[in-house]
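Have the sequence and the 3D view open while you read this report. Each section can be checked against the two of them.

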Amino acid sequence: MKKKVWGLLFLVAILLLSACQSYQTIPEGEARVYKWRMVTHQIPGTARYEGTVVPFVKAVEDITGGRLIIEPFGANVLFPNDETFDMVKNGVVELAAVYTGFWTGKDPVFALGGGTIPGDPIANFDEHFYRSDQLQPIIDKAYEKHGIKNLGAFDYAPEEILMSKVPIRSLQDFKGKNIRAAGVASLYYGKLGASAISLSAPEIYTGLQLGTVDAAEFNDYLVNGEMGLDEVTKYVVEPALHVGPSTDKELIVNPKAWDELPDDLKAALYVARDKVRYESAIAYGVESRKAMKEWEENTDIEFIQLPEEDVEEMRRLGFELLNDYKEKSDLSREYVEEYAKVLAELGYTEEAKILGYGE
């Protein structure tokens with residue numbers, strides 16, 4: 001009998017203790033507030049930060065009624081951009097909206113993530129996000145392999161442009177040129193006979209101004225105009241086939257932090273992400289076209305349209321590079337093969353065949 005009484009008292013004590021602990025963590029009538037930190041490689045004050053990161057954290061707070069608060073940090077504020085992968089993995093920060101190209105040392109497939117694909121014929125918002133969603137499971141596996149949860153494409157980035165100080169009017173004119181390029185684009189320009197030069201974003205202006213590089217590939221008209229690059233550009237070479245529309249940032253999260261969130265807050269992150277996807281298509285797609293008009297009205301800049309036969313050959317060389325990526329890792333092979341399937345589904349049958357689709 002005494003054993004039963006003591007057992008009952010012990011059970012009551014445990015329940016009371018649990019209730020006290022719950023009360024301390026989540027006061028009655030109130031929901032727990034989760035506070036996260038988020039980093040990005042974008043710089044506060046620029047369109048790519050103010051037009052996506054700021055609206056995202058605001059949307060999360062509004063949708064969750066203040067139950068999930070995210071504090072954003074810009075490029076290199078908490079730590080260097082290229083350390084973000086490990087900082088998210090280890091839980092130093094919970095969330096990041098960062099370009100996958102920073103992690104090519106982890107797996108070559110990250111060089112292609114976000115749609116940074118040389119020769120890509122895709123040009124529209126809807127096709128871009130269809131491709132992103134179809135290829136996301138492969139990028140998910142790459143992140144999961146390293147202990148990170150991927151929430152997918154974060155935003156929309158229009159086609160980048162190629163700015164030059166010298167006239168490049170044909171494929172032959174690329175030979176011997178020094179071109180500022182990064183990631184897979186640097187390999188692509190090598191295919192064209194040019195030399196790739198590594199310059200950080202703040203160095204591009206001076207590089208063009210002083211002639212350190214003959215040309216530079218970087219963001220779209222809007223962002224490049226914000227950086228003043230139209231002041232040091234004499235020619236814009238079109239089309240710039242080193243990358244089509246892409247996702248400038250993927251949304252990645254620490255798995256432990258993710259698992260601790262209630263399901264409705266997880267859903268809120270996806271809703272806020274989709275809101276930013278739509279808004280970035282307007283902020284970048286439409287505003288970039290407006291910025292292009294301003295560049296065109298600058299009579300000091302000549303817009304060069306490459307010959308169609310050269311464009312076809314340059315696209316073929318870009319896809320030749322993609323075929324090379326099939327041998328770099330199992331995931332990069334899977335990515336290129338799935339991309340070829342997507343191209344076929346969207347009607348780009350000839351491009352899909354170059355990548356081996358249907359063989």
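## Basis

This is a predicted model, in which local features need pLDDT of at least 70 and side-chain atom pairs count only at pLDDT 80 or more, while totals for chains, interfaces and linings use all residues. Residues are numbered from 1 along each chain as its sequence is written, and side-chain values use heavy atoms, with hydrogens and water left out.

Side chains of opposite charge can pair when their charged atoms come close. The structure holds 24 salt bridges (a side-chain nitrogen of Lys or Arg within 4 Å of a carboxyl oxygen of Asp or Glu). One of them joins aspartate 107 and lysine 145, with 3.6 Å from N to O. Aspartate 107 lies in the loop between β3 (95-98) and α5 (125-145) and lysine 145 in helix α5, so this pair ties together parts that are 38 residues apart in sequence. Helices (H or I, at least four residues) and strands (E, at least two) are DSSP runs, numbered from the N terminus. Aspartate 107 is buried, at 5% relative accessible area, whereas lysine 145 is exposed, at 55%. Here buried means under 20% relative accessible area, exposed means over 50%, and partly exposed is in between (1.4 Å probe, protein chains only).

Glutamate 320 and lysine 191 also meet in a salt bridge, at 2.7 Å from N to O. This pair links distant parts of the chain, 129 residues apart: glutamate 320 is in helix α11 (residues 308-325) and lysine 191 in helix α6 (residues 184-191). Glutamate 320 is partly exposed, with 28% relative accessibility, and lysine 191 is partly exposed with 28%.

Arginine 316 forms a salt bridge with glutamate 313, and their closest N and O atoms are 2.8 Å apart. Both residues are in helix α11; because they are three residues apart, about one helical turn separates them. Arginine 316 is partly exposed at 33% relative accessibility, as is glutamate 313 at 29%.

## Backbone geometry

Most residues other than glycine have a negative phi, and most peptide bonds are trans. Glutamate 238 and proline 239 are joined by a cis peptide bond, with omega about -10°. Proline 239 is in the loop between β9 (235-238) and β10 (250-253).

Asparagine 76 is not a glycine, yet has a positive phi of about 60°. Asparagine 76 sits in the loop between β2 (68-73) and α4 (84-89) and is partly exposed, at 47% relative accessibility.
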